[in-house]
Amino acid sequence: MKRDLTNTKPAKKKYTRQDTLRGTITPERIWWNLTHYNLDFELDVENRFIKGSNTITYTVLESKNVMQIDLQPPMKITKVKQSGKSLTFKQDGNAYFIQLDENQAIGTSKEIEVFYEGSPRIDPNPPWGDGFTYNKDANGKPFIYTACMGGGASLWWPNKDHMYDEPDNGMVISITVPNDLMAVANGKLTATEKKKNGTTKYEWTVVNPINNYGVSLNVADYVHYSDPYKGLKGTLECNYYVLPENLEKAKEQFKQVHLMLEAFEHWFGPYPFYEDGYKLVEGQGMEHQSSVGYSGYQNGRLGTVQDPSDSGWGLKFDYLIIHESGHEWFANSITFKDVADVWIQEGFTNYAEALYLEYHFGKKAGEEYIKGLSKLIKNEEPIIGNYDVNDFNWSRDVYIKSAVILHTLRNALNDDTKWRAILTGLNTAFYHKTVTSADVENYIIKHSGLNLKPFFDQYLRTTTRPILEYYFKDNQFVYKWINTIVGFEMPLKVDINNREYWIKPKTVWTFYHLNDTDTNTKKELSIDPNFYVLSLKNMDK
């Protein structure tokens, strides 16, 4: 094998001012802490038009008087009020800078009411294009849903559109739609009001913090049924909203929800939003908090590749139920502060698929699934991207390589009890918090007992795959890491002539005496395939 000791750097990306305004914790954001949203709007289905307001409650951290609120064209803010008085504001692309007149005393709680309207962006490629999707059900009735992970929630409602700050006390989402349709959003349905003009207002209440892109809207002639789950924190309300033509399929396919909850509560700890319940809502597959989007009614992944692992195990579960629900722990409860660290959400959740298989089908099933996925890794750019800009990394590696990294780490740890404790511990330490990659890395380093900083730097911040270079001389097994950063270390399980060995390679030669009296025996080495590394036998030694 040719030795590749270079780290190829991807071409430097260019960013716009709007990328920076979205991705940076600007001076107009940092001085106030978001505590609550009260989003109230009417959806004109026929004209695809929204009109409403968002009352934003916040605590003053510094005495400033300019606030940044985000809303993307063609949506527009029409008016802003505080204490009944209209405020002036300036627009800079997707950002509005609001001039506050009241004294913003440190420690006080304040409100502003932001009025807005417009026809929100239509998603050109759901869910990757971001925006609204307008469809019809089998009876010709409107079927509408949203997805805005990459594009941002400010595609359709005004908010503090940066992931670092979530409303501490949740939000109320009130949606008015025609009487023959139902509007479903996050949290629990707390009020329904029929109006004289032929519309109905649905009020949904979220009591936990919620990330902006996790706020969802689904409108259709839904039918509803429930199937409560007895979990680690008591009875969890599980509600399902589906199109009438899919009710029977849903009752069969959604049995996997209880299996998912059982497995993930085992690995990660209690479902993070008992107070808000759990929902599957037919629409677009997406990890909307407490209101997971769903479509398809089949196992495997939608599209041409049903089991990308080619192991057969990918057909044992419904990807959208298992993967998107896994995001309740990693994305919705534990949320990245900056999109550069999106691996935290996608890596752990992709690995959760293997953990689901392991829980229900055995450890070998999970291993075969991950090993199958590892063949799809491209190593075209580092997992961690650029900070302080709105730059989502949608590469397959963010999902698959990140999961394989975690699987490798687990096997290097060689202690499944400790590994599970790390997973549940992450969900305790960072419960309902926004985090950086460094936060997660440092937690794992502290609780693993291993020197993992070089490990994370190698796998997350370079594109090169570690190679074990080795040779045999008499009864000496000599080895070191190459194709790595300086100081890379990782315990490794190898097989030499059908005998298992644990070794601790470094980036300098290490000599190991084999317990083999026959010096003439030809030595053959293989690396445990649960480690994402390569081997290179040095033929010159």
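## The largest pocket

Helices α5 (319–326), α6 and α8 each contribute at least two residues to the lining of the largest pocket, and α5 provides the largest share, four residues; helices here are DSSP runs of H or I with at least four residues, strands are runs of E with at least two, and both are numbered from the N terminus. The model is a predicted one, in which local features need pLDDT of at least 70 and side-chain atom pairs count only at pLDDT 80 or more, while totals for chains, interfaces and linings use all residues. Residues are numbered from 1 along each chain as its sequence is written, and side-chain values use heavy atoms, with hydrogens and water left out.

The space in the largest pocket comes to about 900 Å³, and of the 32 residues that line this pocket, Trp128, Arg301, Leu302, Tyr319 and Tyr399 are the closest to its centre. A pocket is an open set of points, on a 1 Å grid over the protein atoms alone, where a 1.4 Å probe fits and with protein on both sides within 12 Å along at least five of seven lines, and lining residues have an atom within 4 Å of a point; the volume is the space filled by probe spheres set on the points, which are joined across faces, edges and corners. The lining divides into 15 nonpolar, 11 polar and six charged residues, where Ala, Val, Leu, Ile, Met, Phe, Trp, Tyr, Cys and Pro count as nonpolar, Asp, Glu, Lys and Arg as charged, and the others, Gly among them, as polar.

## Salt bridges

The whole structure holds 21 salt bridges, each defined by a side-chain nitrogen of Lys or Arg within 4 Å of a carboxyl oxygen of Asp or Glu. In one of them Lys141 pairs with Asp221 at 3.7 Å, N to O, and this pair links distant parts of the chain, 80 residues apart, with Lys141 in the loop between β9 (131–136) and β10 (142–147) and Asp221 in the loop between β15 (218–220) and β16 (223–226). Lys141 is partly exposed at 26% relative accessibility, and Asp221 is partly exposed at 22%; buried means under 20% relative accessible area, exposed over 50%, and partly exposed in between, with a 1.4 Å probe and protein chains only.

Glu358 and Arg410 form another salt bridge, with their closest N and O atoms 2.8 Å apart, and this pair joins helix α6 (residues 343–361) to helix α8 (residues 396–413) across 52 residues of sequence. Glu358 is buried at 15% relative accessible area, and Arg410 is buried at 3%. Within helix α7 (residues 363–374), Glu368 and Lys364 lie four residues apart, about one turn of the helix, and their salt bridge has its closest N and O atoms 3.8 Å apart. Glu368 is partly exposed at 27%, whereas Lys364 is exposed at 59%. Salt bridges with shared partners also join Glu358, Lys363, Arg410 and Asp416 into one network.

The protein is divided into domain 1 (20–189) and domain 2 (467–538), with bounds that come from an automatic or database domain assignment, and the C-alpha centres of the two domains lie 56 Å apart. An unreviewed UniProt entry places the feature "domain: Aminopeptidase N-like N-terminal" at residues 35–210; UniProt positions follow the numbering used here, feature names are shortened, and annotations may be inferred rather than shown by experiment. Residues 35–210 are 0% helix and 53% strand, with end C-alpha atoms 11 Å apart.

Val404, placed in helix α8, is buried at 5% relative accessibility. Val404 and Asn530 are 126 residues apart in sequence, with their C-alpha atoms 8.4 Å apart in space.
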